[in-house]
Amino acid sequence: MSVFSEHDRRFEGLAPRTGLFLAIAVLIVLSTIIASLIKHDAFTPTLRVYFYAQSAQGVRKGMSVQLSGFRIGSVTELRLEPDARVRVMLLIEEKYAGFIPQDSYVGMSKEGLIGSSFIEIEPGPNKTLTIADESVLRFYRATDFSDMAQEL
């Protein structure tokens, strides 16, 4: 008489329960991935907008882009061009494109005296032509406290 030939009641219905457990685990993993993608705006329509700067000082990937104090996008790429300028790509949510004319300026701003830096878009006066995908905006670097200290 073999030990394996006997029928053990503990293992009855094990296959359906194991399948249910695996199905629930897969659903939890998929829902976590989808929730993460939604949180990181993966399904939000965006526009790629560029500006050129003489230096990448203070600009970093992932930096917030704001319009009138509202976060509307982020910096996604910094690239050194052959003429030694820095090309900065911004990813702007498409729903805010109507608020940004083609003649808008992009500048560096800081939250308070020692707060974090962000990119601020200042709308231009010509409201008829708004930005589109692959638009290029003008950049200015505002003087900050370190620049004033160097001048003194």
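Ser-68 lies in the loop between strand 2 (64-67) and strand 3, strands here being DSSP runs of E with at least two residues, numbered from the N terminus. The phi of Ser-68 is near 55°, a positive value in a residue other than glycine. At 58% relative accessibility, Ser-68 counts as exposed, where buried means under 20% relative accessible area, exposed over 50%, and partly exposed in between (1.4 Å probe, protein chains only). This is a predicted model, in which local features need pLDDT of at least 70 and side-chain atom pairs count only at pLDDT 80 or more, while totals for chains, interfaces and linings use all residues. Residues are numbered from 1 along each chain as its sequence is written, and side-chain values use heavy atoms, with hydrogens and water left out.

Ala-84, placed in the loop between strand 3 and strand 4, likewise has a positive phi, of about 70°, although it is not a glycine.

A search of the whole structure finds three aromatic pairs, a pair being two rings of Phe, Tyr or Trp (its six-membered ring) with centres within 6.5 Å, counted as stacked if the planes are under 30 degrees apart, edge-to-face if over 60, and tilted for the rest. One of them is the stacked pair of Phe-51 and Phe-139, at 4.8 Å centre to centre and with 15° between the planes. Because Phe-51 lies in strand 1 (residues 46-53) and Phe-139 in strand 7 (residues 135-140), this pair ties together parts that are 88 residues apart in sequence. Phe-51 has 0% relative accessibility and therefore counts as buried.

The rings of Tyr-105 and Tyr-140 have centres 6.3 Å apart and planes at 75°, so this pair is edge-to-face. It links distant parts of the chain, with Tyr-105 in strand 5 (residues 105-110) and Tyr-140 in strand 7, 35 residues apart. Tyr-105 counts as partly exposed at 34% relative accessibility, and Tyr-140 counts as partly exposed at 26%.

The charged end of Arg-138 sits over the ring of Tyr-105, 4.2 Å from its centre, which requires NZ of Lys or CZ of Arg within 6 Å of the ring centre and within 35 degrees of the ring normal.

Definitions and conventions: Helix = DSSP H or I, 4+ residues; strand = E, 2+ residues; numbered from the N terminus.
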